Amino acid sequence: MRNNKRPIALALAGLLILSLQGISTTAFAETSDSGANNAKPPLQITHQTGLKVAIQVNYADTVPNGVSKQVLAAKNLYDQYTALGMKPGKDYEIVMVFRGDGAQFLLTDEAYDQKVKQPHPKGNPNLAILDALNKGGVKMEECAVAMKLKGYTPHDILPYGRIVASGIGAMIDLEKSGYLSITP
């Protein structure tokens, strides 16, 4: 009788193992909820030194007041770094590359009024943000290819905008130099 129980026990154990393989691991997760993730404080940036970011500004998308969504994204990143006490040039570097349809956002007020066809408030609505970013150490580059295609001259570009031969080429050079490339 003892010999009959052992094969039955082994068969039941085997069936149990096979049936458990079909159950997701979440079934075994801890059932006590320590709080919903969305109720926890926001996660902070953990790498706060040695950051090099290249932000591509290449779309004409704006918020209702005419400010570029991509320029706002760069400002948000800069503001977050500043709030964490990070120092430009020491803990991080940000370079914005204006190319394609985003090239218009590095225009002076006068050039913006003359050359940007869409309805917008008087002058370049991005100017105050770009001025603040520039004062905070953010570098800005303007694509010469986009300038030629859109009829911009060096005089049309904000004085702190550095003209580069190619915006795409600049992004590649920045990436090869250790910058993380993002296109918000």
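These are my notebook entries on one predicted model.

**Entry 1: overall make-up**

I began with the secondary structure of the protein chain. I found six helices and five strands. Reading along the sequence, I noted the pattern α-β-α-β-α-α-β-α-β-α-β. I then checked burial over the chain. Of its 184 residues, 34% count as buried. I also looked at contact range. Taking contacts in the chain with a separation of 6 or more, I found that 68% come from residues 24 or more positions apart.

**Entry 2: the sheet**

In what order do the strands of the open sheet lie? I read β4-β3-β2-β1-β5, with parallel pairing. The edges are β4, residues 161-164, and β5, residues 180-182; each of these pairs on one side only. On average, neighbouring strands here are turned by 25 degrees against each other, direction ignored.

I went through two of the pairings. Seven bridges link β1 and β2 in the parallel sense. Within that pair, I55 faces M96 of β2, and Q56 faces V97 of β2. Next I took β3, residues 139-143. Four bridges join β3 to β4, and the two run parallel. M140 has G161 of β4 as its bridge partner.

I also checked how covered the strands are. In β1, six of the seven residues are buried, so the rest of the structure largely encloses this strand. β2 is mostly covered as well, with six of its seven residues buried.

**Entry 3: helices on the sheet**

Which strands does helix α2 touch? α2 spans residues 69-83 and packs on the sheet against β1 (51-57) and β2 (92-98). The direction of α2 makes about 175 degrees with that of β2. Helix α6, residues 167-176, lies across β1, β2, β3, β4 and β5. I noted about 160 degrees between α6 and β2.

**Entry 4: α2 against α4**

I describe two packed helices by the angle between their axes and the distance between the axes. For α2 and α4, the axes come within 10 Å and cross at roughly 35 degrees. The crossing is left-handed. I listed the residues that make the contact. α2 contributes V71, L72, A74, K75 and Y78, while α4 contributes I129, L130 and L133.

**Entry 5: nonpolar cores**

Which residues touch the most other members of the largest nonpolar core? This core has 34 residues, and the answer is I94, M96 and F98. I traced where the members come from. At least two residues each are supplied by β1, α2, β2, α3 (109-115), α4 (127-135), β3 and α5 (144-150). α2 gives the largest share, five residues.

I then opened up F98. I left aside neighbours within four places in sequence. The remaining contacts of F98 are V57, V71, A103, F105, L106, L130, M140, E141, E142 and C143. V71 and L130 from this list also turned up in the contact between α2 and α4.

There is a second, separate core of eight residues. A54, V97, M171 and L174 are among them.

**Entry 6: Q56**

I picked Q56, which sits in strand β1. Is Q56 buried or exposed? Its relative accessible area is 13%, and the cut-off for buried is under 20%, so Q56 counts as buried. I looked for a polar partner of its side chain. The side chains of Q56 and R99 are joined by a polar contact of 2.9 Å.

**Entry 7: M86**

Where does M86 lie? I located M86 in the loop between α2 and β2. I next checked Q48. M86 and Q48 are 38 residues apart in sequence, yet their C-alpha atoms are 6.7 Å apart in space. Beyond four places in sequence, M86 touches Q48, L51, Y81, D91 and Y92.

Methods. Residues are numbered from 1 along each chain as its sequence is written. This is a predicted model: local features need pLDDT of at least 70, side-chain atom pairs count only at pLDDT 80 or more; totals for chains, interfaces and linings use all residues. Side-chain values use heavy atoms; hydrogens and water are left out. Two strands pair if DSSP finds at least two bridges between them. Axes are lines fitted to C-alpha atoms, for helices over the stretch in contact, and angles run from 0 to 180 degrees between N-to-C directions. Contact means heavy atoms within 4.5 Å. A nonpolar core is a set of buried Ala, Val, Leu, Ile, Met, Phe, Trp, Tyr and Cys residues joined through side-chain atoms within 4.5 Å. Buried means under 20% relative accessible area, exposed over 50%, partly exposed in between (1.4 Å probe, protein chains only). A polar contact is a pair of N or O atoms within 3.5 Å; within protein, one must be able to donate a hydrogen and the other to accept it, and residues adjacent in sequence count only if both atoms are side-chain atoms. A crossing is left-handed if the near helix is turned anticlockwise from the far one by less than a right angle, and right-handed if clockwise.
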